[in-house]
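Please look over the sequence and the model shown here.

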Amino acid sequence: MSPFLDLPPLSAAQFAAIEDRVAALLHTTADVIVTQGEALLPLEAAIRGAAHPGSTALNIVTGPYGQTFGNWLRSCGAKVVDLAVPFDSAVSAEQVARALDENPGVDFVSLVHAEAATGNTNPVAEIAAVVRAHGALLMLDAVASVAAEPLLTDAWGVDLCVIGGQKAMGGPAGVSAVSVSDRAWERIAANPAAPRRSYLSLLDWKERWTDAGRTVLPHAPAQLEMLALDACLDRIEADTLASTIARHRAAAAATRAGVRALGTLVPYVHRDEHAAPVATTLRTPSGLHAAELVGRLDPALPVQPGGGPLAAGMLRVNHYGTAASLETVRSVLSALAAALPGTDSARAAVAAGEAWDATLAAL
Ligand SMILES: *Cc1c(COP(=O)(O)O)cnc(C)c1O
């Protein structure tokens, strides 16, 4: 007997109710479409829906996902202005305002909120205000920030907000969601190049599902993932969203404080206010490849080398979902201390505990 098999079918009403719960999590009254695939699906769908030859996109690159978005935008025939900042800091609203002033034709802006891959986070409220004043649409990749940071989709004026379940929500990777503002629907509907009769088509979902009253699902629902998504929304509700966010912030602060006390590794993102709550990236000492260091650790710990070319000098500590705990942070610190000669595990554990408590007390 498997709890995963022979389940009763998931109804359209259940699917719609889960969409409504996601909308509440995103603080939006816009349409939310739950997409049946990993978060790259709605990210690509949003870009291909909005971009076209003749449009100009400002693509903000603060990590590897921004590079992916730029490639999709170019493949849609859009003119792309890349605003790239070093991966060890955040982009500022002033930098975005300057780029928009220099490129008055920009009608679409893509931005990543928190970057799990590089460990930084961007000031979305301020950036969104600048984008709104310019009149462009804003697409936000909030996959690594949802449930780890405040995410005020409507209050900030985010037109396309994309999330996935697999980071701070502690849920499944096989479903994701995108909220679509009225402005975004107008733009996508007016785009002759927007995908239709395609798995990437947001318009198909609008026509066949949202506008049709959400009574008949256009495709068989990904049932296990939907049930898992519902269960992780239950858990966030039981713990409260505020305390889920607080736990992630405290985990980042504790990791940074503990690592500083260890002394050999340095936080890759310099300033605490630019540090993402889901993952802390660390610079390894010169000559020590992150993969070599990871090889000395228990493989069960949520530590990995940076992606691609970053792996030479970047270690990534993931503290999201159930790993956003002081216990996990201390296990990682003590394993790092054991792997790095001359470091003091006890001091790191104390520093992490103090930072954890101070962060929770300040919220
Ligand atoms: C994790 C993440 C995604 C999802 O992509 P995966 O490569 O499947 O992990 C998208 N965007 C951001 C910013 C992420 O951190």
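The chain is assigned domain 1 (7-238) and domain 2 (240-362), with bounds taken from an automatic or database domain assignment. This is a predicted model, in which local features need pLDDT of at least 70 and side-chain atom pairs count only at pLDDT 80 or more, while totals for chains, interfaces and linings use all residues. Residues are numbered from 1 along each chain as its sequence is written, and side-chain values use heavy atoms, with hydrogens and water left out.

Between the C-alpha centres of domain 1 and domain 2 the distance is 28 Å. Contact (heavy atoms within 4.5 Å) joins 27 residues of domain 1 to 24 residues of domain 2. The two domains bury about 1,900 Å² between them, 63% of it on carbon and sulfur atoms; buried area is the accessible area (1.4 Å probe) that two parts lose on being put together, summed over both. On the domain 1 side, Asp-88, Gly-119 and Ala-148 lose the most area to domain 2, together 24% of what that side buries.

Asp-88 also forms a salt bridge with Arg-283, the closest N and O atoms being 3.6 Å apart. A salt bridge here is a side-chain nitrogen of Lys or Arg within 4 Å of a carboxyl oxygen of Asp or Glu, and the count between the two domains is 1.

Which residues are around the ligand? They are Glu-38, Leu-40, Tyr-65, Val-112, Ala-114, Ala-116, Asp-141, Val-143, Ala-144, Gln-166 and Lys-167, each having a heavy atom within 4 Å of the ligand. Polar side-chain atoms lie 2.3 Å from a ligand oxygen atom in the case of Glu-38 and 2.8 Å from a ligand oxygen atom in the case of Tyr-65. For Asp-141, a side-chain N or O atom is 2.6 Å from a nitrogen atom of the ligand.

Terms used
Polar contact = N/O pair within 3.5 Å; in protein donor to acceptor, adjacent residues only side chain to side chain.
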